[in-house]
Amino acid sequence: MLRFLLEKEFKQFFRNSFVPRMVIMFPLSAILIYPLVANFEVKNVNLSLVDHDKSSYSRNLVQKVVASGYFNITDISTNYEDALETIESDQADLILEIPPNFERTLVKDKKANLMISANAVNGNKGGLGTAYLVRIISDYSGNIQAELMGNHGRLKIPNLDIIPLYRYNPSLLYSVFMVPAILIMVLAMICGFLPALNIVGEKENGTIEQMNVTPVKKFTFIVSKLIPYWLSGYVVLTIGITVSLLVWKLFPEGYLITIYFFATIFILAFSGFGLVISNYAVTVQQAMFMMFFFVLTFIFMSGLYTPVENMPGWAQFISHFSPLKYIIQVLRMVYLKGSSFNELIPQFIALCGFAIFFNGWAVLSYKKSS
Amino acid sequence: MKAVIVQELERSYDKVEALKGISFEVDQGEIFGIIGPDGAGKTTLFRILTTLLLADSGFASVDGNEVVKDYKSIRKKIGYMPGRFSLYQDLTVEENLKIFASIFKTTIEENYHLIKDIYQQIEPFKKRKAGALSGGMKQKLALSCALIHKPVVLFLDEPTTGVDPVSRKEFWDMLDKLKHQGITILVSTPYMDEASLCNRIGLIQDGNFLKIDTPENIINQYENVLLAAQSNQMSKLLKDLRTEEDINTCFAFGDSHHITIKKESLAENGGNFSIDKLTMDLSNKGHKDIHIEPIKAGIEDCFMELAK
């Protein structure tokens, strides 16, 4: 029985002008493009400069800032008010104001003040831009210190140089952080959305009624719906892993089998979630919106973009209920740290819990509606 | 054994009572027509009998199997054709037929004799997707799919709604052939003219049967004097006829109005009604080309009488 239904499903699957293409194109474009776009590294910060001093020290500082590559000097204003206007008109993100007699004060008192003002409308850009600038200035002040001391040639001030070692992602590449998570997002879409929409589509067309009056068991019918999308899930995952290897030079530190094993549980859980939706939705449009609402919530609560630890307490609590959170943790750990199954047992338990919960709910709600 | 037994079946949707305790029986090998307007409860009844819907109370059985307890055995031996085309539009004609044959663990070849007459007409298009068929061809395909497993009872929910008159005629000819193959057919329709093609009919309205009998008996039991009236101003005629004191009811029926006369107005009961008198009255009211004649009642007239 299942064989005939599967034959039908695969025929329909490949006859569909859109789904097979999506199974190929979605992971390709997601893995190729999303990591480039979803990037929090801040470059091209527009800096407005107010140099009241115009000394060799202040020029040195400005050169250093420009040489860092993070900043564009968009204008040089004569006073702070003018500089503020460029911020107001959105031409500049930061103002660096060098006070009059900067050089003289620095040489005389070994201490001088600078002012940085940031436009925090885009908090990310303002914050990171300020941090970059502060680092450059402190670097610069270290050099000045050495230079001034060197002139006198007597005392050596111990200079603390901090070189952090970023474990697991040594160059802090954002793509390394994002790619495993995006793989999962694509998997969720293909294995959660599509079978749910397919089943609701049969409801909408009335074809499910025609099937219900036959001896086909509901279980068989639903399994025949899920299998093509489970298989597409593996295809999608494999394409994603291959592309991230070729394009992003990313290969899991851990075992591939661990990834496929966890992906299987996740697919099971998330297709169960799709079934729950399909039981409550009457039209494809309803199903689409319901899926969209939950998937969006799951994604934002999963730590895909922002770390869960940054969220307020209540949101951290809600994030426990996002299956995406656990599978994204798994992928990042396997990809970056090379974690093995033993280190992933909490995630394993959580994902199994979701699989049982969603599929159990799907079975119960299906019975109710008939 | 009766093919279908229904006793005191009730079903409500929220506050609307779709079926108000109906009972009827269908003999094996007959065409039983359920005839009534939209919203009478026909589809609800069909969905209960085809095990798609649970009744609130009452008993129903199909071919000796109770619809709730033995739903699995019922699903093996009935054919159901819903009012809406419900086959896979993205599969071809042949693929649709094949999938339904294999679900019932049979093949197209095995029961080809059953569907031959119908399927031959759509066979030239067997590689065409079902969604690309015309309305009449879709009906034929749906009937083929419902028949491919040689069902004992065939449920057809408004099979001719939205089908052209020629295809409708063909469709009923096919049903007659199927009846001779020993298949019991339950068919619902809002078209009263199709009633005479059934062995027995049940007139249904608002979830109740008004009458269950053969079409001939129902017509013979019609007691009123029925006249058909025409004039040059049909809509004014309807209004004028309804104000006539001798006239009991008056309904628009295609190109004429059907009127019934009050019993006490008839000459045999001492009344003074006559066609000439009515014609005179109407011509005084400005009607021309008045044409009134007695006619034999049809099922629709009976339905109107019973539904009053």
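At roughly what angle do the axes of helix α1 and helix α9 of chain A cross? In this predicted model, the axes of α1 (residues 2-15) and α9 (residues 218-248) of chain A cross at roughly 40° and come within 9 Å of each other. Angles under 35 degrees would count as roughly parallel, and those from 65 to 115 as roughly perpendicular, and α1(A) and α9(A) are therefore oblique to each other. The crossing in which α1(A) passes α9(A) is right-handed. On the side of α1(A), the contact is formed by A:L2, A:L5, A:L6, A:E9, A:F10 and A:F13, which meet A:T220, A:F221, A:V223, A:S224, A:K225, A:I227 and A:P228 in α9(A). Divided by class, this contact of α1(A) with α9(A) comprises nine nonpolar, two polar and two charged residues.

Helix α1 of chain A also takes part in the contact between the chains. To that contact, chain A contributes 16 residues and chain B contributes 20 residues. On the side of chain A that touches chain B, the elements giving two or more residues are α1 and α8 (207-212) of chain A, and of the contributions to this side that of α1(A), with five residues, is the most. By class, the residues of the side of chain A that touches chain B are five nonpolar, seven polar and four charged.

Both chains are divided by the domain assignment. In chain A, domain 1 is given as 2-38 + 170-369 and domain 2 as 45-152, and the C-alpha centres of these two domains of chain A lie 48 Å apart. In chain B, the assignment gives domain 1 as 4-220 and domain 2 as 226-307, with the C-alpha centres of the two domains of chain B 38 Å apart.

Within chain B, the contact between the domains takes ten residues from domain 1 and eight residues from domain 2. The elements that give two or more residues to the side of domain 1 of chain B that touches domain 2 of chain B are the strands β9 (200-205) and β10 (208-213), together with helix α7 (215-220), of chain B. To this side of domain 1 of chain B, α7(B) gives the most, with three residues. The residues of the side of domain 1 of chain B that touches domain 2 of chain B fall into seven nonpolar, two polar and one charged.

Definitions and conventions
Residues are numbered from 1 along each chain as its sequence is written. Chains are lettered from A and ligands numbered from 1 in the order in which they are written. This is a predicted model: local features need pLDDT of at least 70, side-chain atom pairs count only at pLDDT 80 or more; totals for chains, interfaces and linings use all residues. Axes are lines fitted to C-alpha atoms, for helices over the stretch in contact, and angles run from 0 to 180 degrees between N-to-C directions. Helices (H or I, at least four residues) and strands (E, at least two) are DSSP runs, numbered from the N terminus. Angles under 35 degrees count as roughly parallel, over 145 as roughly antiparallel, 65 to 115 as roughly perpendicular and the rest as oblique. A crossing is left-handed if the near helix is turned anticlockwise from the far one by less than a right angle, and right-handed if clockwise. Two residues are in contact if their C-beta atoms, placed from the backbone, lie within 7 Å. Ala, Val, Leu, Ile, Met, Phe, Trp, Tyr, Cys and Pro count as nonpolar, Asp, Glu, Lys and Arg as charged, and the others, Gly among them, as polar. Domain bounds come from an automatic or database domain assignment.
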